[in-house]
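Have a go at each task before you read its solution.

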Amino acid sequence: MATALKNLSEYDPANIPDASDFKFGIIVSEWNHEITGAMLEGARSTLLKHGAKPENIFVYYVPGSFELTYGAQWLAENRNVDAIICIGCVIQGETRHFDYICQGVTQGITQLNVNYSIPFIFGVLTTQNIQQAFERAGGKHGNKGDEAAVTAIKMAHYRKMVIEE
Ligand code: DLZ
């Protein structure tokens, strides 16, 4: 219900800052790649639509969502980027693994936001099944990759605005 009412994929493009001055990192989990690949394409096309230059979008892959934290931290330490988008998809299975991975990546990305001076965007789907994931990766609930990109642009803009004022 919350997603249906707050589908940011239907945002007003006029309200998004220009992204042409920003550099973006995107870390993508290979696990559930048919979902994360669609989210990556959504994120990339949204960044480009708002002016980001193709040469200023750096895409890297990690094996699973649990590795997004390390992937994003290593990128932050070695590349000059204004925001990092973390893309993953964790699907609930029969085991507790789902809970551990969700908890790990959520806390990991939260810690990155606390410890570094650039924003890290949480573009991780946590769904009960693959159908729900497809619905959020270009289906009836929009593409959470688009939403992550919009958030990254807004946060990069926020960071720049505070520094420059
Ligand atoms: C092991 C595992 C499982 C069961 N499920 C998922 C998943 O649904 N989505 C995902 O991104 N990764 C999954 N993984 C892999 C873990 O994220 C991680 O790559 C391994 O536990 C190795 O650290």
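**Exercise 1. Find which polar atoms of the protein reach the ligand.**

Step 1: Start at Ser-29, where an N or O atom of the side chain is 3.4 Å from an oxygen atom of the ligand. This is a polar contact, meaning a pair of N or O atoms within 3.5 Å; within protein, one must be able to donate a hydrogen and the other to accept it, and residues adjacent in sequence count only if both atoms are side-chain atoms.

Step 2: Go to Trp-31, whose side chain has a polar atom 3.4 Å from a nitrogen atom of the ligand.

Step 3: At Cys-89, look at the backbone: one of its polar atoms is 2.8 Å from a nitrogen atom of the ligand.

Step 4: Now for the cover. On its own the ligand has 490 Å² of accessible area, and the protein covers 73% of it (Shrake-Rupley method with a 1.4 Å probe; for residues, only the protein chains shown count as cover).

A note on the model: it is predicted, so local features need pLDDT of at least 70 and side-chain atom pairs pLDDT 80 or more, while totals for chains, interfaces and linings use all residues. Residues are numbered from 1 along each chain as its sequence is written, and side-chain values use heavy atoms, without hydrogens and water.

**Exercise 2. Describe the shell around the ligand.**

Step 1: List the residues around the ligand; among them are Gly-64, Phe-66, Glu-67 and His-97 (each has a heavy atom within 4 Å of the ligand).

Step 2: Sort the shell by type, which gives six nonpolar, five polar and one charged residue. Here Ala, Val, Leu, Ile, Met, Phe, Trp, Tyr, Cys and Pro count as nonpolar, Asp, Glu, Lys and Arg as charged, and the others, Gly among them, as polar.

**Exercise 3. Examine Asn-32, a member of the shell.**

Step 1: Locate Asn-32 in the loop between β1 (24-29) and α2 (33-49).

Step 2: Check its backbone angle: Asn-32 is not a glycine, yet its phi is positive, at about 60 degrees. Most residues other than glycine have a negative phi.

Step 3: Is Asn-32 buried or exposed? Asn-32 counts as buried because its relative accessibility is 16% (buried is under 20%, exposed over 50%, partly exposed in between, with a 1.4 Å probe and protein chains only).

Note on methods. Helices (H or I, at least four residues) and strands (E, at least two) are DSSP runs, numbered from the N terminus.
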